[in-house]
Each structure stands twice: as structure tokens, then as C-alpha cells.
Number of protein chains: 2
Amino acid sequence: MGKRLDIINSGGSYPVEIEHGLRFRTEEKIRQVCPDATSVFLIADENAASHYLNDVLSSFQQPPHVIFLQPGEGSKSIEELQRVLTELLEHGADRKSVVAALGGGVTGDLAGFAAAVLLRGVSFVQIPTTLLAHDSSVGGKTGINHPSGKNLIGAFYAPAAVLYDPAMLQTLPEGEWRSGFAEVIKHSLISRSGFLEWLSDNVNNPRDLQDEALEELLYRSIQVKASIVEEDEFEAGVRAYLNFGHTLGHAIEAEAGYGTWTHGEAVALGMLAAMHLSRFKLQADLPLENVKELLENHGFQTALPHSFDHQKLLERMKRDKKTEAGNLRFVLLRELGMPELIPVETELVKEALKEVTSDD
Amino acid sequence: MGKRLDIINSGGSYPVEIEHGLRFRTEEKIRQVCPDATSVFLIADENAASHYLNDVLSSFQQPPHVIFLQPGEGSKSIEELQRVLTELLEHGADRKSVVAALGGGVTGDLAGFAAAVLLRGVSFVQIPTTLLAHDSSVGGKTGINHPSGKNLIGAFYAPAAVLYDPAMLQTLPEGEWRSGFAEVIKHSLISRSGFLEWLSDNVNNPRDLQDEALEELLYRSIQVKASIVEEDEFEAGVRAYLNFGHTLGHAIEAEAGYGTWTHGEAVALGMLAAMHLSRFKLQADLPLENVKELLENHGFQTALPHSFDHQKLLERMKRDKKTEAGNLRFVLLRELGMPELIPVETELVKEALKEVTSDD
């Protein structure tokens, strides 16, 4: 029972363990990767804590000090970073302390960055409680937001371990499940491992997934991410492929106003647009209808509402980090599982926007 | 003319160039190590800028944006970090921007940390303007202070290059020269390269040093530091040897009130105490009188004033990061150039304090 991957990076490797009930063995698992730990600090999202903190704490002989974070992107601020660092220091954190994050992407990003800069780096353990965090907890990206934009301040800082107990996904609200599932579909589209087929065959109603199938889903999706971040730890090349669907996705999120659309809902539409672009630009033969059906089965909206101004979306896309000298670049698929980073003419992007816009 | 070392680290290597007049070639030198740079940002200490900013700027075809820092430890705050990051982002810094630090240790530490966390890391170039910065600019330690203590927040982040123009040391105040020279002497004591002998023979009045001799001094001192940080980039072992003289030194600085004694003046006394301890504990045969003379020739105080309370110094030393389970540990010398990290009984430390206390 349970699955394990080892992610290789410049500093060695770290395990990702996926197993139902793992939260009840948190201390044991932390001690395995950090045998010299002098103390453990738990940085916990309030929502996740309300469901699972007692379970996690019950695994400890001496309860760790817990620092609570409010749910939501607002916690990824420099003020919250400072508060967390102060609390760590005032409660005696030293170089051999371990910072563990119990929560989703926001918690992992902030706690990981705090661990990266505390005393020039202490050990960090991820305990993801959301589906989206299967993506964000692997690959070593940590950071906070700046008034000028998201994730502008941060570090590449690998965890010592990722301890994933899929049982904690049971309390995840529908919208948050979808947000994570969009990245699962993304991983299936940019890999040649047969994962898309497996998803279509096995995951029609994800909330009914048996324990073993859910572990398998997480394992396969993380495997795609792992193979890419292992090849490109510091985002100099192929890691851009993980941006599939995100060029338009980010623009939709920002244009709608953050928090209106979830990240995953916006990325889902971004992936459909990128598949249309792949058709236009590379004559790619892609299972567009299958993917649309898969998305619809999981409650995603697959048509862009008329309320979005295409011109404004275009302008936002031009500020994407992949844009070079004002030219839009997209991750496209030459075929299923074959992503490439390709400059795309504005006219084609307008066409793709029309394709994904609602007919109503 | 000029000297060059290449420091090997986990990410590859970076050059330290030492040459009179190098500041007039700043842009050329930055382009050599960062050929893809989209823009350069200069973070400059106001004092250093008042003397040398025009010279540095004259080397650029397009003047870089300059962010000024007030001199002094107060600039190593999270608020200043935030101000610098905001100014970088608002002036269009991107992943291929270069952050260059013109100043001493404070400027290098803050600018280096800003570079480390901006967009998860942009290139960083050190342009030291003090003697003390020959030490701090090499080895990749960056960081800021926290109300709980100095350098508690930071990162190991190697520069792309260190561009050292010793001509800029001409305007350094006497006290700041001494502060750096204590680290030069420290390097001579923990190395077996004959550097102490060279110093005694060649450097009686450092302000009269000819260009070539000053380059040689910097080269030799950096070489000692480089060999240690190459062996122990992330401070897991031998890097502790660089702490020679600092256990008591830090206690004196803190006890006197920061800014009363310079770091170097305090470390000088710390080194003398550590040499006495090496005598007591390891029966080491050390050139104590030579070192004392060398220090006195350079205007250092070599006796601890009676005003210091030995008990309070001891308590501060117990909070040193080398202390384990309440036991003091010192870097001692088994012989010249042979440092070791050794637990020392409190009674012996008291004896050493008596030895270095003024007879008056």
C-alpha cells in the first residue's frame, strides 16, 4: 500500500510519499529524512488545521509549535513572511529545526520560502492537503507575492520530503478539487505515458475514487511533473512546458479579478485554447473532444463567457513571462505528449479565443 | 597587472578580479559573466557612491538605474529589502537583469539577498569598496538582520563575479580599514601559506602599500577564505574555522553596544583570547607576541578595558551558534594554520579573559 517517488535535484533527492493515513505518522516520517532535527514547527492553513491538525499532532511525542495561516492568497505577503519568521525565531528555531507546511499551495509556498531564508535555510517538509498542491509541492518553487505581481519574490528550495495523505482530500470543496484537477489533465496532455487514457477510463467521478486509484492518480500526475523538474530544476528550458494552458489561464484569472475564477477553471479554458492554437499552428491532431468531455464531466466550464473582452485578454497575455520582445509565445502540442514553446501571431490567438467563446 | 581567483561552488565557479582601475570597466566585466543581461541595477552605499559612482557609471553605455542605501547596519532590515525589491520591480527588473552592489558588507549582504529572492534569483555582482568586504563578498553568504539578531534571515547565493578595485580603498576611514584588517590577520592565522610572515614583512604601514602589494594582500587573504568556502559551501563543517576570534569578538561588540567597537577591533581581541586558550587547552606554541605587535602597528587595542564584565561576556558567548547543549566551543589553533573546533571549560575562558584584560 502506498506509493513513493524520489525526485532527483542538484542537492541529492527527496521522497514524495503518497499513502492513505500517512498523517498519523508525520513525526516518524520527518525523523526519517531529518534525523538530527532539534525541533519541528508546523505552519498550518486554518482550514486544513480544523480538519487534520489533531491527527497530525497525535503522531508527535512532543507537540510541535503551530503557526496558523489564514486561507487564501493574501497570506503570501511580505508581512506574513515576517510574522512567520519572527514567530519561528522567538520560539527558538535553530539551524536544525524543521519547518513543515500543512495546507495547500499558499501554505507550502510561504512556509517553504520562510524555511529557505530562515538562518540561510532550514529543512522543509510539505504535507499537502489539496489536490492542487500535488503540483505545487513538487519542484522546489517557493515564494510570496508583491504588489507588482504574483510569486515575484521567492527561491528555488527543495523540500526534504513531501508527505501526501490522500485521505485529507476528502474534505476538499468541489471548486478546489477542480482547481487541482486541471493540473492533472495538463500533466496528462504533456506526457506520453498513457495517462490521459487512464484518466478517461478510470476517473469519471473522482469523488468516488477508491483509495488505491486516488493514490495512482496522484502518483502518475506527480511523475509527469517530476520528470520535467528533474530535467530543468531552475526553469531554464523544458520547465516552461508546465505552463501549458496557463498563458490564457492567467489572463482570465486576472481579467475576471483574482478569486472570481479558480486557477484551475481558468487553466482549463487556457488548455482548450492552446489545443486550438496547436491545430492552427502545427496542424496537430489532438483529442480535443475527449478532453472537453473529461473537463465537463468534472464540472468545468468549457466555454469562455461573452463578458470577456478579447483585446484585454490579449494585452494581459503580452505581459506573460514567456513573451519576448513583445511577441506572444505559447506552449503548444505537436501531438499528444509533445509540448513545444512556439511564437504565435496575434491573429491566430484571436481565432483561438473565438473558438473557445460561448456560442450562447 | 591585476590578479584573479576562480571560486568553485556547487553551481560552477565565479571569478574574483582584483585590479586597480577595475571600476572603470564595470560594464564590460559584468557583460563577460552575464552576456544575456537585459539590464543592470546598481545598489550603492551613499558613502561609496559619493566617491566612486561617477567612475562606475562612466563605464556604461546606458546608465544603470541606481538604488541608494544609507551606510550602516540599519540598512540590513526587512523594510529596506522590501523597498529595494519594489524599486527593482517598478523599474522593470526581469529574470535576466543583473543586480550589482557598490559598497561594503552591508550593501553586499542586502543586495545579494535581494538578488537571491527577486524572481527566485537574478544574477548578482559584487563591487566591494571596503577592506572588510574582501571577506564578506566571497563565499555566497547574503542576508539581513532580524530584531532577534544579526543575519538571521538570508540565503547562500553566490555572485556571478566579484570586481575588486583596490584603488577605492584609498578613501576608507582608518577605523574601517582596521575592521577589515582584523579578518586579514585572521586568515593569516588559520592558513599555512606563510601569509602571516608575508604580512609581518611587508605590511607595516598599510596605507602606504604600493598598488601591487595591496593586490597581493587581497589576493592572499581571499585565497584563504576561498579554500575554506570551497570545501564547505553551506557551512556544515570547516567553515566554522572562519569564526576564529569571533566568539569573544561578537560578545564584545554586543556588550559594548553595536557601533561602539568596530567588528574588527572586537575580533582582534577575540583572536588574542583564542590564542591564549589554544595555549591552555592544546599547549599550542603560537607567535602571540608577533600577532600582538602586528595588531598594535595597525592601531588596534590589544587589551580589553576593565569596564567589561567578564560574567556578562561569558553569558553572551554561551548564546554563540557554536555552543552545543550549553557547552562553549571555540575555534582554537593546534599550531599556526591548524584550526580546530574544541569544547572549552568555562574556567579556562575566564583565564583567557584575564590574560587579555588591560593591566592598567
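Trainee: In this predicted model, what is the handedness of the crossing of α9(A) and α10(A)?

Mentor: The helices in question are α9(A) and α10(A), the latter spanning residues 263–282 of chain A, and their axes lie 7 Å apart. Judged by how one helix is turned against the other, the crossing of α9(A) and α10(A) is right-handed.

Trainee: Which residues of α10(A) make the contact with α9(A)?

Mentor: On the α9(A) side the contact is formed by A:His246, A:Leu248, A:Gly249, A:His250, A:Ile252 and A:Glu253. Taken over both helices, the residues of this contact divide into six nonpolar, five polar and one charged. The partners that α10(A) supplies are A:His263, A:Ala266, A:Val267, A:Leu269, A:Gly270 and A:Ala273.

Trainee: At what angle do the axes of α9(B) and α10(B) cross, and how are these helices therefore described?

Mentor: In chain B, helix α9 covers residues 246–256 and helix α10 covers residues 263–282, and their axes come within 7 Å of each other. α9(B) passes α10(B) in a right-handed crossing. The axes cross at roughly 135°, and since an angle over 145° would be needed for roughly antiparallel, the two helices are therefore oblique to each other.

Trainee: What is the handedness of the crossing of α6(B) and α8(B)?

Mentor: Helix α6 of chain B (residues 174–189) and helix α8 of chain B (residues 211–231) have axes that come within 9 Å and cross at roughly 55°, which makes α6(B) oblique to α8(B). The contact draws on B:Trp177, B:Phe181, B:Glu183, B:Val184 and B:His187 from α6(B), and on B:Leu214, B:Leu217, B:Ser221, B:Val224 and B:Lys225 from α8(B). By class, those residues are six nonpolar, two polar and two charged. The crossing itself is left-handed.

Trainee: Where does A:Val238 sit, and which residues beyond its neighbours within four places in sequence is A:Val238 in contact with?

Mentor: A:Val238 is placed in the loop of chain A between α8 (211–231) and α9 (246–256). A:Val238 and A:Leu341 are 103 residues apart in sequence, with 8.6 Å separating their C-alpha atoms in space. Once its neighbours within four places in sequence are left aside, A:Val238 is in contact with A:Ile228, A:Glu231 and A:Asp232.

Trainee: What area is buried between chain B and chain A?

Mentor: The size of an interface is often given as the accessible area lost when the parts come together. Here the contact takes 26 residues from chain B and 26 residues from chain A, and carbon and sulfur atoms give 56% of the buried area. That area is about 2300 Å².

Trainee: Which residues of chain B lose the most area to chain A?

Mentor: The answer concerns the chain B side of the interface, where three residues together account for 29% of what that side buries. These residues are B:Ile78, B:Arg95 and B:Arg120.

Trainee: How many salt bridges are there between chain B and chain A, and what is the N to O distance between A:Arg95 and B:Glu235?

Mentor: The count between chain B and chain A is two salt bridges. In one of them, the side chains of A:Arg95 and B:Glu235 meet, with an N to O distance of 3.2 Å.

Terms used
Residues are numbered from 1 along each chain as its sequence is written. Chains are lettered from A and ligands numbered from 1 in the order in which they are written. This is a predicted model: local features need pLDDT of at least 70, side-chain atom pairs count only at pLDDT 80 or more; totals for chains, interfaces and linings use all residues. Side-chain values use heavy atoms; hydrogens and water are left out. Axes are lines fitted to C-alpha atoms, for helices over the stretch in contact, and angles run from 0 to 180 degrees between N-to-C directions. Angles under 35 degrees count as roughly parallel, over 145 as roughly antiparallel, 65 to 115 as roughly perpendicular and the rest as oblique. A crossing is left-handed if the near helix is turned anticlockwise from the far one by less than a right angle, and right-handed if clockwise. Contact means heavy atoms within 4.5 Å. Ala, Val, Leu, Ile, Met, Phe, Trp, Tyr, Cys and Pro count as nonpolar, Asp, Glu, Lys and Arg as charged, and the others, Gly among them, as polar. Buried area is the accessible area (1.4 Å probe) that two parts lose on being put together, summed over both. A salt bridge is a side-chain nitrogen of Lys or Arg within 4 Å of a carboxyl oxygen of Asp or Glu.
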